Amino acid sequence: MTVSDPLSILQSRRPWHSLPQQCYTDPGLYQQEIEALWSREWIFAAAGPELPKTGNYVTVTIGAASVIVVRGADGIARAFHNSCRHRGSRICAARKGASAKLVCPYHQWTYDLDGRLLWAREMGADFNPADHGLGAVHCREISGMIFICLAETAPDTAALEQAAARYLAPHDLPNLKVAHQSTIVEQANWKLVLENNRECYHCGSNHPSLCVTFPDDPNLVGADDSTTSNAGLAHVERCEAAGLPARYLIDPSEQWRFVRIPFLGDAVSYTMDGKAAVAKRIGTVPFADAGSCLYFHYPNTWNHFLSDQVLTFRVLPISPTETEVTTTWLVHKDAQEGVDYDLTRLTEVWIATNNEDRQIVEENQKGVASPGYIPGPYSQVQEGGVNQFVDWYCNAFAKHLTTPMAAE
């Protein structure tokens, strides 16, 4: 079995077991993931409020591809390859910024925010700027969350847009602002980061701050809608009766899902005392104890939509054993730090939890890389979410490996 035959590696996985070692360590297989999976699926790039004004931009790196996501004068977010059409220099080196135009620092070729080339010095009478606009990348802002796709033809998003409009609209993401953002690099394969997120089997012994408010009942936050938790069912029914979508909804391909869960006891937010972190409630959420709407979209994001804040998480692979995780805390656009919220109180639970998860997955990576690693069985009680993610990964990766790019 070689990296030239990743299908055999995927097919060797036993049901309800972790993946073969090569999936977490092999540089050749990792590169094929980038080309066949990450370059053909929709990838979460940024929350809309990260680009609040014309000219605000972020840059995103997927494998060798650097992408600029920028807010246009018409309010639309667009994405372009971060490569000048002159001699290829990167146009934006910063992770984020603001600019009235996109100007290549090498020779000052200047592009409008819609990608059109506006100015190129001394290129001759036959030069046509219209032939040298920035290379466009598919970009969709879906209920305030911006996704990009590097493929020539992007997958359809109609079903996701319809579902997101229902579940996320009450939180009014476009009218929030960024209160804080944190980026860490975890020395582990990106799939281990996702797998760790998709279960709370480890929470009680590793996340003391999170477990103050977050329920680790697998029947409450499981991989499907077969919950048997009375607390979960009661919460869903209460939310639905108030016009707040809450019932479990999953895409047939299992790429994305929405579900609304309660906090523990009378908690209303991710804080050390369970009380609201932000005084100003967001959107049209009808009550403070609305719990958290959990929104997953593979391969790179999970999110928590609360009554007082929204947390987005973006995962981007750096190498077979390195992963960048960016967490963004969003609050009501009129909320004032020091008046409506304290930044430390807002962020301390998830800063601690993220650091704990980093340590967990880094130790997981070291163990997986050991010659003693043998794929082990998942708990069908506690790790249904992990199995769901790994099944999706195997199916999606295999599909892309066997489907010519041009056919998509």
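Predicted model: local features only at pLDDT ≥ 70, side-chain atom pairs only at ≥ 80, totals over all residues.
With which side chain does the side chain of Thr-301 make a polar contact?

View 1. Strands (E, at least two residues) and helices (H or I, at least four) are DSSP runs, numbered from the N terminus. The side chain of Thr-301 makes a polar contact with the side chain of Asn-303 at 3.1 Å (a pair of N or O atoms within 3.5 Å, one able to donate a hydrogen and the other to accept it; residues adjacent in sequence count only if both atoms are side-chain atoms). Thr-301 counts as buried because its relative accessibility is 1% (buried, under 20% relative accessible area; exposed, over 50%; partly exposed in between; 1.4 Å probe, protein chains only). Not counting residues up to four places away in sequence, Thr-301 touches Phe-44, Met-145, Phe-147, Tyr-295, Phe-296 and Phe-313 (heavy atoms within 4.5 Å).

**View 2. Side-chain directions along β15.** Thr-301, Asn-303 and Phe-305 point one way, and Trp-302 and His-304 the other. Five of the five residues of β15 are buried, so the strand is largely enclosed by the rest of the structure.

**View 3. Pairing of β15 with β14 and β16.** Strands pair if DSSP finds at least two bridges between them. β15 runs antiparallel to β14 over five bridges, with His-304 as the bridge partner of Leu-294. Five bridges also join β15 to antiparallel β16 (residues 310–319), where Thr-312 is the bridge partner of Asn-303.

Residues are numbered from 1 along each chain as its sequence is written. Local features need pLDDT of at least 70 and side-chain atom pairs 80 or more, whereas totals for chains, interfaces and linings use all residues; side-chain values use heavy atoms, leaving out hydrogens and water.
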